[in-house]
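Please look over the model below before reading the points. Comments are kept to geometry and packing.

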Amino acid sequence: MTLPPTGESKFLPSRNELGLVAVGFSGGQTKAGVDAAPTALLEAGLIHQLQNDLNYNVTFDGQVHTYADLIPASDPPHRNMLRPKSVSAVTRAVSSQVYTHAAAGRLVLTLGGDHSIAIGTISGTARAVRERLGQEIAVVWVDAHADINTPETSESGNIHGMPVSFLTGMTRSEDEERFGWLGEEHLISARKLVYIALRDIDRGEKEILRREGIKAFSMHDIDRHGIGKIMDMALGWIGSDTPIHLSFDVDALDPMWAPSTGTPVRGGLTLREGDFIAECVAETGNLIALDLVEVNPSLEVTGAQETVRAGCSIIRCALGDTLL
Ligand SMILES: NC(=[NH2+])NCCC[C@H](N)C(=O)O
Ligand SMILES: [Mn+2]
Ligand SMILES: [Mn+2]
């Protein structure tokens with residue numbers, strides 16, 4: 001394995017500056033507890049690991065944000081979306097937090113929270129990279145699910161199943177309070193999006209993936225080719241001249257390794273495959289942002305620490321641990 005020389009990165013002024021955002025938000029789905037994940041990850045010693053083992057200089061406001069002041073008293077379903085105003089307001093705030101770190105040239109780590117928060121994280125990096133480098137970002141989305149439902153195709157109404165449709169501009173809104181704040185500068189190209197570990201896709205989502213020609217590697221593909229070949233293909237599709245935002249849903253892992261999550265699906269990645277994906281992205285030297293979402297310590301509580309440990313491991317691997 002060859003790493004770029006330390007201290008250098010094609011897209012970051014310094015490889016060692018990291019911005020951390022902790023998002024204690026669960027409103028993109030209906031199960032309580034996913035908002036407690038950032039605290040659990042931090043209590044497991046994550047910051048110490050980043051600073052002492054991986055040599056990052058961590059910029060963190062020390063808060064797990066709940067955005068309580070942004071949640072409206074009344075937030076009725078709209079276009080089939082549950083809690084649209086809350087999710088819109090929170091992701092808007094997350095977008096500006098992530099933007100601030102990314103615009104300052106820091107690698108951004110966001111701890112969720114449910115996966116709806118990716119509307120904020122990815123829009124924030126997309127905007128900052130456009131302004132700072134005049135480039136589009138690529139997104140590697142590691143998940144059992146595609147999270148690309150439109151409000152109209154969603155069978156659940158949960159916005160954590162929709163972030164990619166907003167981020168690619170497939171779902172648009174005129175209503176400022178319900179995602180109308182998303183502008184062109186926040187969006188990503190469907191051609192620069194790659195999925196890994198899919199195995200539970202809704203009917204409407206399959207149609208969208210096919211129609212848009214989105215690159216997707218399912219568990220079936222991983223079984224057929226092995227994770228090494230899949231990563232070569234996934235990163236080959238993106239190319240070596242594009243900054244990468246990695247959005248990692250812990251339910252990509254098999255429930256054997258990550259039982260404490262809201263929508264577990266059997267037949268997932270092993271712990272090592274999950275770490276390997278993160279390591280391969282780290283190895284490109286092009287990672288500019290990372291999300292770790294959907295850890296819910298209040299589900300399958302006997303496996304909660306195991307799930308938290310798996311989350312920390314993926315984060316460390318993505319940030320350069322275990323590379324020689
Ligand atoms: N981020 C997640 N865990 N998403 C699960 C989504 C499940 C389902 N496809 C839905 O739209 O409701
Ligand atoms: Mn998922
Ligand atoms: Mn997800």
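1. Basis. This is a predicted model, in which local features need pLDDT of at least 70 and side-chain atom pairs count only at pLDDT 80 or more, while totals for chains, interfaces and linings use all residues. Residues are numbered from 1 along each chain as its sequence is written, and chains are lettered from A and ligands numbered from 1 in the order in which they are written.

2. Sheet. An open sheet is built from eight strands with parallel pairing, in the order β2-β1-β3-β8-β7-β4-β5-β6. Its edge strands, pairing on one side only, are β2 (57–65) and β6 (215–218). On average, neighbouring strands are turned by 10° against each other, direction ignored. Strands here are DSSP E runs of at least two residues, helices are H or I runs of at least four, and both are numbered from the N terminus. Two strands pair if DSSP finds at least two bridges between them.

3. One strand pair. Five bridges link β4 (residues 138–142) to β7 (residues 244–249) in the parallel sense. Among the bridged residues, A138 has I244 of β7 as its partner.

4. Helix on the sheet. Helix α3 (residues 84–103) packs on the sheet and touches β1 (17–23), β2, β3 (107–111) and β8 (287–293). The direction of α3 makes about 170° with that of β1. Axes are lines fitted to C-alpha atoms, for helices over the stretch in contact, and angles run from 0 to 180 degrees between N-to-C directions. Contact requires C-beta atoms, placed from the backbone, within 7 Å.

5. Helix α4. The 16 residues of α4 (residues 118–133) should span 22 Å at 1.5 Å a residue, and the end C-alpha atoms are 21 Å apart, which agrees. The expected span is 1.5 Å times one less than the number of residues. Twelve of the 16 residues are buried, so α4 is largely enclosed by the rest of the structure. A residue is buried if 20 or more other C-beta atoms lie within 10 Å of its own, exposed if 12 or fewer, and partly exposed in between, with C-beta atoms placed from the backbone. The cover over the buried residues of α4 includes α3, β3, β4, α5 (163–167), β7 and β8. Just after α4, G134 has a positive phi of about 65°.

6. Helix α10. Twelve of the 15 residues are buried, so α10 is largely enclosed by the rest of the structure. Its buried residues, among them R316, pack against α1 (37–43), α2 (46–53), β3, β7, α9 (271–284) and β8. G320 follows α10, with a positive phi near 105°.

7. Ligand shell. Which of the 15 residues around ligand 1 come nearest? They are H115, H145, S156, H160 and G161. A residue is near a molecule if its C-beta atom, placed from the backbone, lies within 6 Å of it. The shell has ten polar, five charged and no nonpolar residues. Ala, Val, Leu, Ile, Met, Phe, Trp, Tyr, Cys and Pro count as nonpolar, Asp, Glu, Lys and Arg as charged, and the others, Gly among them, as polar.

8. Backbone details. G112 and G113 are joined by a cis peptide bond with omega about 10°; G113 lies in the loop between β3 and α4. N55, a residue other than glycine, has a positive phi near 65° and sits in the loop between α2 and β2. R79, in the loop between β2 and α3, has a positive phi near 45°. R79 is partly exposed, with 14 other C-beta atoms within 10 Å.

Notes: Contact = placed C-beta atoms within 7 Å.
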